[in-house]
Amino acid sequence: MAEVLRVEVVSADGITWEGEALSVIARTTEGDLGVLPGHEPFLAALVPCAAEVLTADGNREVLALDGGFISVADNRVSVLSQFAKVAREIDLKAAEHELAAAEKRLNAGELDDETRQHYLRAQAQVRAAHLAQQSK
């Protein structure tokens, strides 16, 4: 059997997704990062994004993240984020509504951290839901 990655995505609510994978793609503060088995150890900060996991059985899991950290060592990938949600569990219409509401607040001058975080989280959910739909 080919080498695989052991992946665990953990949010404030607990483990969001875990399993074996062939690759992981996530967006860090330095840009998109792809992880394959045998990757060098590292730790990086994540930005809100739609992360992709190609599972060992060839399926694609998409997860909405609102930032956090990713660490890789010994074919283990840990993603730690305050918020993480599997894309197939996201209600796209609700996420789009949430994004529009947050954008409206930002455009009205509400530039506080809570509003920005709300906007970025909603944006990540919409991206993840759209990405998941493309793979169907």
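Figure 1. At 60% relative accessibility, Asp113 counts as exposed, where exposed means over 50% relative accessible area, buried under 20% and partly exposed in between (1.4 Å probe, protein chains only). The model is predicted: local features need pLDDT of at least 70 and side-chain atom pairs count only at pLDDT 80 or more, whereas totals for chains, interfaces and linings use all residues. Residues are numbered from 1 along each chain as its sequence is written, and side-chain values use heavy atoms, with hydrogens and water left out. Asp113 forms a salt bridge with Arg116, with 3.9 Å between the closest N and O atoms; the term requires a side-chain nitrogen of Lys or Arg within 4 Å of a carboxyl oxygen of Asp or Glu. Both residues belong to helix α2 and are three residues apart, about one turn of the helix. Arg116 is partly exposed, at 40% relative accessibility.

Figure 2. Helix α2 covers residues 113-134, and its 22 residues should span 32 Å at 1.5 Å a residue; the end C-alpha atoms are 32 Å apart, which agrees. The expected span is 1.5 Å times one less than the number of residues. Helices (H or I, at least four residues) and strands (E, at least two) are DSSP runs, numbered from the N terminus. Asp112 caps the N-terminal end of α2, with a side-chain oxygen 3.3 Å from the backbone nitrogen of Glu114. Buried residues of α2 include Thr115, Tyr119, Gln125, Val126 and Leu131. The buried residues of this helix pack against β4 (42-55), β5, β7 (84-86) and α1 (92-107), contact being heavy atoms within 4.5 Å. Gln134, also in α2, is exposed, with a relative accessible area of 62%. Its C-alpha atom is separated by 23 Å from that of Tyr119, 15 residues apart along the chain.

**Figure 3. Two further salt bridges.** Side chains of opposite charge can pair when their charged atoms come close. A search of the whole structure finds seven salt bridges. One of them joins Arg27 and Asp32, with the closest N and O atoms 2.6 Å apart. Arg27 is partly exposed at 37% relative accessibility, while Asp32 is exposed at 53%. In another, the side chains of Arg60 and Glu52 meet at 2.9 Å, N to O. Arg60 is partly exposed at 32% relative accessibility, and Glu52 is partly exposed with a relative accessible area of 22%.

Figure 4. Ser11 is found in strand β1, residues 5-11. The residue counts as buried because its relative accessibility is 9%. Its side chain makes a polar contact with the side chain of Thr16 at 3.4 Å. A polar contact is a pair of N or O atoms within 3.5 Å; within protein, one must be able to donate a hydrogen and the other to accept it, and residues adjacent in sequence count only if both atoms are side-chain atoms. Leaving out residues up to four places away in sequence, Ser11 touches Thr16, Ser81, Gln82, Phe83 and Ala84.

**Figure 5. A nonpolar surface patch.** Leu43, Phe69 and Leu80 form the patch, with about 330 Å² of accessible area together. Patches are made of residues with over 30% relative accessible area and no salt bridge; like charges are joined within 9 Å, and nonpolar side chains (Val, Leu, Ile, Met, Phe, Trp, Tyr) within 5 Å. Accessible areas come from the Shrake-Rupley method with a 1.4 Å probe, and for residues only the protein chains shown count as cover. Phe69 lies in strand β5, residues 60-73, and is partly exposed, with a relative accessible area of 46%.
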